[in-house]
Amino acid sequence: MADANAIEDTPELRARWGGFAWTAENAEKAKTIRARYPAGRQMSCTIPYLDLAQRQVGAETDTQGWLPVPVIEFVARELDLAVIRVLEVATFYTMFNLHPVGKYHVQVCGTTPCWLRGSDDVFSACKNRGLAKGKTTPDGLFTLTEVECMGNCASAPMVQINDDNYEDLDYDRTVAILDALAQGQQPKTGTQEPGRHTVEPLGGPTTLKAMVDANHDYRGEW
């Protein structure tokens, strides 16, 4: 979540989001999602419905999206569930934002592998670019959140910005990514290490080298 503050439910929010409903396109997507599950198993739709709703809010506000209470209530009605059941899911998973966020939600991993590989430099780059943890920049572009491990330890340190991961970061690479996004550009996703494609060892593979260009049967050698 963007921060750990209490969830707001104000008359202003109700006036803005009380009439929330699927767009025509998302209504079709919701039907497709619902059809994946047997009758009576609609609670299984909670996560994809919340994700769809958050994305619709994001499209309407030009942000990464969040879940106002009336939107959560809408999802509960769509699935014929008690609101608390949907709220339990929304508050458990950090993929759901319960407070407004910026156009770009910058989630920096601060867990041990990323920290050992320089996540402090990533945070410094964010700070010097005007980002503060749990806050949205005055221009509405960036919200900064520190998160736990997101599974990119082999290419640490990393950040997730909206739906994209950026890996093998340092101070300068982080600044370059933030600057590109601020200018409306799409920086290269994934590893930022030149010559590296995924998470293979720097300098090339050290094992199974015969598999680089073609399939190779090692069984006879073993």
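I began with the rings and counted 7 aromatic pairs in the structure. I took rings of Phe, Tyr and Trp (its six-membered ring) as paired if their centres lie within 6.5 Å, with planes under 30 degrees apart as stacked, over 60 as edge-to-face and the rest as tilted. The model is predicted, so I kept local features to pLDDT of at least 70 and side-chain atom pairs to pLDDT 80 or more, while totals for chains, interfaces and linings use all residues. I number residues from 1 along each chain as its sequence is written, and side-chain values use heavy atoms, with hydrogens and water left out.

I looked up Phe20 and Trp22, which form an edge-to-face pair at 6.1 Å centre to centre with 70 degrees between the planes. Phe20 is buried at a relative accessible area of 7%, and Trp22 is buried at 13%. For burial I used relative accessible area: under 20% is buried, over 50% exposed, and in between partly exposed (1.4 Å probe, protein chains only). Ring pairs join Phe20 and Trp22 with Trp17, Tyr49 and Phe74 in a cluster.

I then checked Tyr104 and Phe142, a tilted pair at 5.7 Å centre to centre and 35 degrees between the planes. Tyr104 is in strand S1 (residues 104-109) and Phe142 in strand S2 (residues 142-147), so this pair ties together parts 38 residues apart in sequence. I take helices (H or I, at least four residues) and strands (E, at least two) as DSSP runs numbered from the N terminus. Tyr104 is buried at 13% relative accessibility, and Phe142 is buried at 1%.

Next, the helix packing. Helix H4 (residues 69-78) and helix H5 (residues 83-92) pack at about 120 degrees, their axes 8 Å apart. That makes H4 oblique to H5; under 35 degrees would be roughly parallel, over 145 roughly antiparallel, 65 to 115 roughly perpendicular, and the rest is oblique. Axes are lines fitted to C-alpha atoms, for helices over the stretch in contact, and angles run from 0 to 180 degrees between N-to-C directions. I listed the contacts (heavy atoms within 4.5 Å): Ile72, Glu73, Val75 and Ala76 in H4 meet Val83, Val86, Leu87 and Ala90 in H5.

Last, I looked up Thr136, in the loop between helix H7 (119-128) and S2. Thr136 is partly exposed at 36% relative accessibility. Leaving out residues up to four places away in sequence, Thr136 touches Pro100, Val101, Gly102, Phe142 and Thr143.
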